[in-house]
Amino acid sequence: MIKEENVLAALSHVEEPDLKKDLVTLNMIKDVVVNGSDIKFTVVLTTPACPLKEVIRQRCMDALHEHLGKDITVDIHMSAEVTSIRNNSPQLPGVKNIIAISSGKGGVGKSTVTANLAIALKNSGAKVGIIDADIFGPSIPLMFGAEDVQPLITQKDGKNMIHPVNQFGIKMISIGFLTPKDNAVVWRGPMASQALRQFLGDVDWGDLDYLLIDLPPGTSDIHLSLVQTVPVTGAVVVTTPQKVALADATKGLAMFKQPQINVPILGIIENMAYFTPEELPENKYYIFGKDGGKELAQKFAVPLLGEIPIVQGIREGGDEGRPVMMDENSISAEAFKEAAENLAQQLAIRNAAQPATERVQVA
Ligand code: ADP
């Protein structure tokens with residue numbers, strides 16, 4: 001007769017491909033029910049966007065058949081619990097992972113990538129938020145068709161609490177929601193940093209798996225304010241394959257790697273990797289050069305999370321306030337989905353293998 005312990009013993013032969021330990025040791029097997037030769041259990045993955053979901057399911061099947069025989073029926077339920085190393089953090093206690101999205105220079109598509117990654121992660125089943133920290137050029141409200149939305153502000157213990165705007169299932173905040181449109185606010189550095197601190201401290205974020213921070217291009221006071229205010233789980237650098245963009249991206253990577261900042265780099269996303277006409281997706285034109293992102297990733301020994309093509313629909317989606325990822329069947333959506341899965345995967349590996357990031361102390 002098959003018992004629960006036999007099922008667990010069989011599954012202890014299945015290794016989580018990224019974390020290099022078996023599923024039982026990693027506590028990923030839950031709710032085992034055995035009824036004669038019917039076996040039922042849940043595999044709790046480290047992210048709902050896990051690209052290896054089907055591989056893990058198949059390996060469980062194979063291990064059970066190998067160790068318990070062929071005459072069994074197996075029903076595997078796949079669920080996910082996003083991991084976090086931010087336990088007991090006083091800042092943003094309900095937020096599991098804080099991800100900085102940066103670029104060396106403007107116009108490489110950092111906000112476009114942030115918006116589409118957010119939707120791809122949300123579509124996988126995760127709870128996602130965006131802070132538009134590009135205070136000098138906020139574009140998240142426009143990209144989400146939320147330019148005229150105003151966040152609700154309530155009082156809590158005599159303090160103003162800002163409620164994030166919820167658009168397409170993503171919680172978001174931007175200076176664009178709080179200042180009148182077409183108003184030429186001239187921001188001084190310290191005011192911009194203050195705005196970011198408010199977004200981190202005075203916004204009711206609730207529970208989130210991933211909070212994406214769309215940073216201004218380059219390296220700025222805002223970057224320093226971010227790493228001084230909260231421990232950032234990891235950073236993503238967006239670049240185009242062009243030489244000038246790569247040179248600037250290198251500076252961005254070096255900044256996060258500085259010993260006093262020490263934010264793990266989750267990977268590089270190469271945007272505008274090649275032009276492709278939507279009706280002829282097999283035609284690829286490398287108009288900004290080829291493999292620049294890949295070479296940069298190799299040089300810094302970090303993963304290349306994705307290569308996003310230049311597609312008219314991506315630009316239109318941004319301008320029309322409906323990111324291209326909202327239509328899951330396009331080639332652009334496929335590229336963003338893959339990048340989001342790779343990002344979630346790298347984050348899970350980072351959480352399993354590296355200690356928590358320390359908040360940078362002001363000297
Ligand atoms: P950044 O945030 O780096 O300044 P944006 O995300 O605002 O850049 O993008 C700049 C412009 O390029 C926008 O008009 C956007 O729609 C367009 N864009 C970005 N990525 C792509 C892409 N992969 N294909 C087509 N247009 C893109």
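Leu246 is found in helix α8, where helices (H or I, at least four residues) and strands (E, at least two) are DSSP runs numbered from the N terminus. Leu246 has a relative accessible area of 14% and is therefore buried, given that buried means under 20% relative accessible area, exposed over 50% and partly exposed in between, with a 1.4 Å probe and protein chains only. From C-alpha to C-alpha, Leu246 and Phe336 are 20 Å apart in space, while 90 residues separate them in sequence. This is a predicted model, in which local features need pLDDT of at least 70 and side-chain atom pairs count only at pLDDT 80 or more, whereas totals for chains, interfaces and linings use all residues. Residues are numbered from 1 along each chain as its sequence is written, and side-chain values use heavy atoms, with hydrogens and water left out.

**Strand β12 and its partners**

- Strand β12 is mostly covered, since 9 of its 11 residues are buried.
- Strand β11 (residues 234-239) runs parallel to β12 and is joined to it by 5 bridges, two strands being counted as paired if DSSP finds at least two bridges between them.
- Within this pairing, Ala235 stands opposite Ile265 of β12.

**Asn271**

- Asn271 has its place in strand β12, and its bridge partner in β13 is Ile308.
- With a relative accessibility of 5%, Asn271 counts as buried.
- A polar atom of the Asn271 side chain lies 2.8 Å from the backbone oxygen of Val108, which is a polar contact, meaning a pair of N or O atoms within 3.5 Å; within protein, one must be able to donate a hydrogen and the other to accept it, and residues adjacent in sequence count only if both atoms are side-chain atoms.

- Strand β2 (residues 38-45) and strand β3 (residues 73-80) run parallel and are joined by 8 bridges.
- Phe41 has Ile76 as its bridge partner in β3.
- Together with helix α2 (residues 53-68), β2 and β3 make a right-handed β-α-β unit.
- His67 belongs to helix α2, and at 36% relative accessibility His67 counts as partly exposed.
- Although His67 and Ala10 are 57 residues apart along the chain, their C-alpha atoms are separated by 5.8 Å.

**Positive phi angles**

- Asp31, in strand β1 (residues 29-35), has a positive phi of about 50 degrees although it is not a glycine, and Asp31 is exposed, with a relative accessible area of 60%.
- Asp157, in the loop between β6 (153-156) and β7 (159-162), has a positive phi of about 50 degrees although it is not a glycine, and Asp157 is exposed, with a relative accessible area of 80%.

**Surroundings of the ligand**

- Of the 15 residues around the ligand, those that come nearest are Gly107, Gly109, Lys110, Thr112 and Pro309, where a residue is near if one of its heavy atoms lies within 4 Å.
- The shell around the ligand draws at least two residues from each of α3 (110-123), β12 (265-275), β13 (304-310) and α10 (312-320), and α3 gives the most, with 3 residues.
- By class, this shell has 7 nonpolar, 6 polar and 2 charged residues, with Ala, Val, Leu, Ile, Met, Phe, Trp, Tyr, Cys and Pro counted as nonpolar, Asp, Glu, Lys and Arg as charged, and the others, Gly among them, as polar.
- Oxygen atoms of the ligand lie 2.9 Å from a backbone N or O atom of Gly107 and 2.8 Å from a backbone N or O atom of Lys110.
- A nitrogen atom of the ligand lies 3.2 Å from a backbone N or O atom of Val311.
- The ligand has 560 Å² of accessible area on its own, of which the protein covers 81%; accessible areas come from the Shrake-Rupley method with a 1.4 Å probe, and for residues only the protein chains shown count as cover.

Key: Right-handed = clockwise from strand over helix to strand, strands pointing away.
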